[in-house]
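Here is a short report on side-chain packing in one protein chain. Keep the structure open while reading.

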Amino acid sequence: MSNKVFMPGCSLPSYSPEGVAAMAQHLKNVFPEMGAVQKCCGKPTAAVGQTELFKERYGQLQADFDKVEAEEVIVACQSCYGMIKKAGAKQKPVSLWKLLPEIGLPKELVGKAKHSDVVFTIHDSCSTRYERELQDGIRWILNELGYKTVEPKHTKDKTRCCGFGGMVVPANPDVANRVIQRRVDEFETDYVVVYCAACRASMMGVDTNSWHILDLVFGPVVMEGDLPPANVLANPVKSWFNRYKSKSGLIKCMTV
């Protein structure tokens with residue numbers, strides 16, 4: 001049993017099983033008794049008004065938390081963080097991006113990008129609009145790594161949607177494309193950093209070079225001319241296979 005569990009969400013495991021495993025290992029090094037739960041928080045069902053189905057799916061997640069007697073859930077997904085808070089879970093949700101400034105990055109990664117010639121524009125997820133500590137944590141991470149950053153016109157509590165939220169993409173793709181294009185038109189650099197895999201997928205869909213922050217933490221240093229990883233979320237088969245790889249990586253990390 002563990003009083004802490006790591007919950008990476010759905011989109012991040014679908015995008016980067018390597019990043020999920022690396023972050024889980026870092027957390028495990030700090031919290032040796034930590035466990036992990038990889039399951040949907042039910043937000044998509046809530047977003048389309050399927051209240052009873054949401055209760056059923058969230059109930060399954062709650063049962064998993066209770067089974068391992070968790071007291072805190074370390075959450076990498078902003079949507080999961082918000083849903084757990086809203087649902088009134090017995091466990092306390094703790095944003096990974098708030099936690100990292102407290103426990104630090106792996107020492108060997110601090111300052112690794114100090115010679116990078118790239119300037120990243122920071123995109124804040126709309127679900128974090130009123131989560132200032134979370135937003136500050138992202139900026140702390142980028143500063144610790146050594147990357148130079150700029151803010152777009154609409155940032156932090158005034159950030160704009162990437163077009164992915166609220167199930168707009170399947171409901172009305174044209175509206176979703178207009179929303180994301182409005183957002184990326186504000187960016188003054190060709191390099192964007194996000195901390196939501198869904199936001200990244202939206203931006204990659206309109207040919208905007210974007211990296212998830214875990215790409216920057218655990219991946220190679222980004223230099224001028226480098227291209228971001230492929231948009232695997234556009235491929236359902238690849239996404240589901242990555243979720244399987246993420247789950248396998250978490251099981252290995254938690255049992256070693």
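## Basis

This is a predicted model.

## Helices H4 and H5

Two packed helices are described by the angle between their axes and the distance between the axes. Helix H4 spans residues 51–67, and helix H5 spans residues 78–87. They pack at an angle of about 90 degrees. Their axes are 12 Å apart. H4 and H5 are therefore roughly perpendicular to each other, because angles of 65 to 115 degrees count as such.

H4 brings Phe-54, Tyr-58 and Phe-65 to the contact. H5 brings Met-83, Ile-84 and Ala-87. The residues of this contact divide into six nonpolar, no polar and no charged.

## Aromatic pairs around Phe-120

The model has six aromatic pairs. One of them joins Phe-120 and Tyr-147. Their ring centres are 5.2 Å apart, with the planes at 85 degrees, so the pair is edge-to-face. The cut-off for that class is over 60 degrees. Phe-120 lies in strand S5 (residues 119–122). Tyr-147 lies in the loop between helix H7 (132–145) and strand S6 (148–150). The pair therefore ties together parts that are 27 residues apart in sequence. Is each residue buried or exposed? Phe-120 has 0% relative accessibility, so it counts as buried. Tyr-147 has 5%, so it counts as buried too.

Phe-120 also pairs with Tyr-191. Here the ring centres are 6.1 Å apart and the planes stand at 80 degrees, so this pair is edge-to-face as well. Phe-120 in strand S5 and Tyr-191 in strand S7 (residues 191–194) are 71 residues apart, and the pair links distant parts of the chain. Tyr-191 counts as buried, at 6% relative accessibility. Phe-120, Tyr-147, Tyr-191 and Trp-211 form one aromatic cluster.

## Charges over rings

Lys-4 lies over the face of Phe-31. The distance to the ring centre is 4.9 Å. Arg-243 lies over the face of Trp-240, at 4.3 Å from the ring centre.

## Ser-239 in helix H12

Where does Ser-239 lie? Ser-239 is in helix H12, which runs over residues 236–255. Its relative accessible area is 8%. Ser-239 is therefore buried, because the cut-off is under 20%.

What does Ser-239 contact, leaving aside its neighbours within four places in sequence? Ser-239 is in contact with Ser-14, Val-232 and Leu-233.

Technical notes:
Residues are numbered from 1 along each chain as its sequence is written. This is a predicted model: local features need pLDDT of at least 70, side-chain atom pairs count only at pLDDT 80 or more; totals for chains, interfaces and linings use all residues. Side-chain values use heavy atoms; hydrogens and water are left out. Helices (H or I, at least four residues) and strands (E, at least two) are DSSP runs, numbered from the N terminus. Buried means under 20% relative accessible area, exposed over 50%, partly exposed in between (1.4 Å probe, protein chains only). Contact means heavy atoms within 4.5 Å. Axes are lines fitted to C-alpha atoms, for helices over the stretch in contact, and angles run from 0 to 180 degrees between N-to-C directions. Angles under 35 degrees count as roughly parallel, over 145 as roughly antiparallel, 65 to 115 as roughly perpendicular and the rest as oblique. Ala, Val, Leu, Ile, Met, Phe, Trp, Tyr, Cys and Pro count as nonpolar, Asp, Glu, Lys and Arg as charged, and the others, Gly among them, as polar. Rings of Phe, Tyr and Trp (its six-membered ring) pair if their centres lie within 6.5 Å; planes under 30 degrees apart count as stacked, over 60 as edge-to-face and the rest as tilted. A charge sits over a ring if NZ of Lys or CZ of Arg is within 6 Å of the ring centre and within 35 degrees of the ring normal.
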